[in-house]
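Here is my note on the model, as numbered points. Please read it with the structure open.

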Amino acid sequence: MEGAWQSASKIAQAVSRGETSARGVVELALDRIARYDTDLNAFTDVLVARAHKQAQAIDAAIAAGSNVGPLAGVPFAVKNLFDVKGISTRAGSSINCDLEPSRRDAAMIERLEAAGGILVGALNMGEYACDFTGENIHEGPSRNPHDTTRITGGSSGGSAAAVGGGLVPLALGSDTNGSIRVPASFCGVFGLKPTYGRLSRARSFPFVASLDHVGPLARNVRDLALAYDAMQGSDDDDPACTRRPADPVNATLAEGIDGLRIVIAGGYFRENITREAGEAVARVASALGTSLVVDIPETARARAAAYVITSCEGASLHLDRLRRRPNDFDPAIRNRLLAGAMIPAAMVDRAHKFRRWYQREFREIFGNIDVLLAPATPFVAPKIGQATALVDGFEVSRANIGILTQPISFIGLPVVAVPVPLSPLPIGVQIIAAPWREDIALRVAYELEQRGTVIASRPEPLVRRQMEQ
């Protein structure tokens, strides 16, 4: 069984049928982590004993004739802001290393394991999720599998690197302002940011409670859907988690896109982007047979309001740590949080009022359309340490990495980030749907994948090294 690029669905099928063992699959994953994570720096913790124990339990259950779930034997890893029983939840920081080991797994880990998945480790991330680059000063930067001199994006950089590099078929990340979609775009994988409140955040370290989402990254749409379905369901431990019934999507992927009203986001979403970002959207739009464009009003203001809320809530969360241990923060993160602590309350109030107005505008837009297409990032992955990127002949700060994702997280819309395999580096496109319509966004992504328009391409540096060995 070829390990590097086996999908979660194929692994689960083979394990369930007895064609391979969960133990064998886990050994392959652990071997790849040991061999290639020195290049990627995706993992902060590798849970060998735990993974072996879970694999043994799955193999025993299958031998006894039990159905162990749709993710039978599938290795997965999680951003290290998810609680993992027995280790401290570092959330990319050095300060959290002093926390007591977690006594219980995060809700999403419990649900993936209940579906047969096997947790193999925790993943590198931007400090306290306040980052778009993946350049963690405590653990070192996670590295892009397509070019290890380039960033993964953040803050779920280790998650995208681990999936894109073939170390695991599934990983969990979080997305406050774009932290699943940005790394997915840079590393050439698929990422799902569900509707705000759809998946439980219980026992994960927060950043901005009113904007935080969690979701999966994978190398194909079917695997995203399998993971998403396994994680759905209400949870009283997360007050923001919806009580809506679960809405499984895996069975609907192949329903096609006939009748869907698909349009391209214009205006703001076509400004300040590179040729690569524009080409990616054009390819996706062409494959879907649409040339219709709609301008979204006040999107620049939405991004500004998202910054205000993020900065203020993030600063409030970390205020005690900022007072007690300011020198243990990444200086860039510390300064950002300190600035947030000084935002006037009136400005925060205005940002929330604007947010409600912006949500109403999008409700009207989605009364006339089903899907909105937009770039995920304004440019391909910059070099590690690179301070600016060239856009339309102008140098722009890489602080603009999230300029296209923030306005969408701001109002909690579901989005699938799909990878367009440009050469030499991939770049992502956002497939945006109305609240609770993850099924539509995933159907469009699946259609594009079947047509070969979007695909998680093999990262050449790791493939070459594998062939050499």
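1. Burial comes first. Buried means under 20% relative accessible area, exposed over 50%, and partly exposed in between, with a 1.4 Å probe and protein chains only. At 9% relative accessibility, V281 counts as buried. V281 sits in helix α8, residues 275–288. Helices (H or I, at least four residues) and strands (E, at least two) are DSSP runs, numbered from the N terminus.

2. Provenance. This is a predicted model, in which local features need pLDDT of at least 70, side-chain atom pairs count only at pLDDT 80 or more, and totals for chains, interfaces and linings use all residues. Residues are numbered from 1 along each chain as its sequence is written, and side-chain values use heavy atoms, with hydrogens and water left out.

3. V281 and its neighbours. Contact means heavy atoms within 4.5 Å. Not counting residues up to four places away in sequence, V281 touches I264, A374, P375 and V429. R222 is 59 residues from V281 along the chain, and their C-alpha atoms are separated by 22 Å.

4. The sheet. Two strands pair if DSSP finds at least two bridges between them. Eleven strands form an open sheet with mixed pairing, in the order β1-β3-β2-β8-β10-β9-β16-β17-β13-β11-β12. Its edge strands are β1 and β12 (293–294), each pairing on one side only. Helix α13 packs on this sheet, touching β9 (190–193), β11 (262–265), β13 (371–375), β16 (415–420) and β17 (427–433). The direction of α13 makes about 140 degrees with that of β17. Axes are lines fitted to C-alpha atoms, for helices over the stretch in contact, and angles run from 0 to 180 degrees between N-to-C directions.

5. Strand β3. Which strands flank β3 in the sheet order? They are β1 and β2. Strand β1 (residues 43–46) pairs with β3 in the antiparallel sense over three bridges. Strand β2 (residues 75–79) runs parallel to β3, joined by five bridges. A122 in β3 stands opposite D45 and also opposite V78. Strand β3 covers residues 118–123, and six of its six residues are buried.

6. Helix α4. A right-handed β-α-β unit is made by β2, helix α4 (residues 107–114) and β3. Right-handed means that, with the strands pointing away from the viewer, the path from the first strand over the helix to the second runs clockwise. Is α4 enclosed or open? Six of its eight residues are buried, so α4 is largely enclosed by the rest of the structure. The buried residues are A107, M108, I109, R111, L112 and E113. Their cover includes α3 (48–63), β2, β3, β8 (170–175), β10 (213–218) and α7. Just after α4, G116 takes a positive phi of about 105 degrees.

7. Helices α7 and α13. The axes of α7 (residues 221–231) and α13 (residues 438–451) come within 9 Å and cross at roughly 155 degrees. That makes α7 roughly antiparallel to α13. Angles under 35 degrees count as roughly parallel, over 145 as roughly antiparallel, 65 to 115 as roughly perpendicular and the rest as oblique. V221, R222, L224 and Y228 in α7 meet E438, L442, A445, Y446 and E449 in α13. The contact residues divide into six nonpolar, no polar and three charged.

8. Q406. This residue lies in helix α12, residues 406–409. Q406 is buried, with a relative accessible area of 1%. Beyond four places in sequence, Q406 touches F132, N177, R303, A306 and Y307.

Key
Ala, Val, Leu, Ile, Met, Phe, Trp, Tyr, Cys and Pro count as nonpolar, Asp, Glu, Lys and Arg as charged, and the others, Gly among them, as polar.
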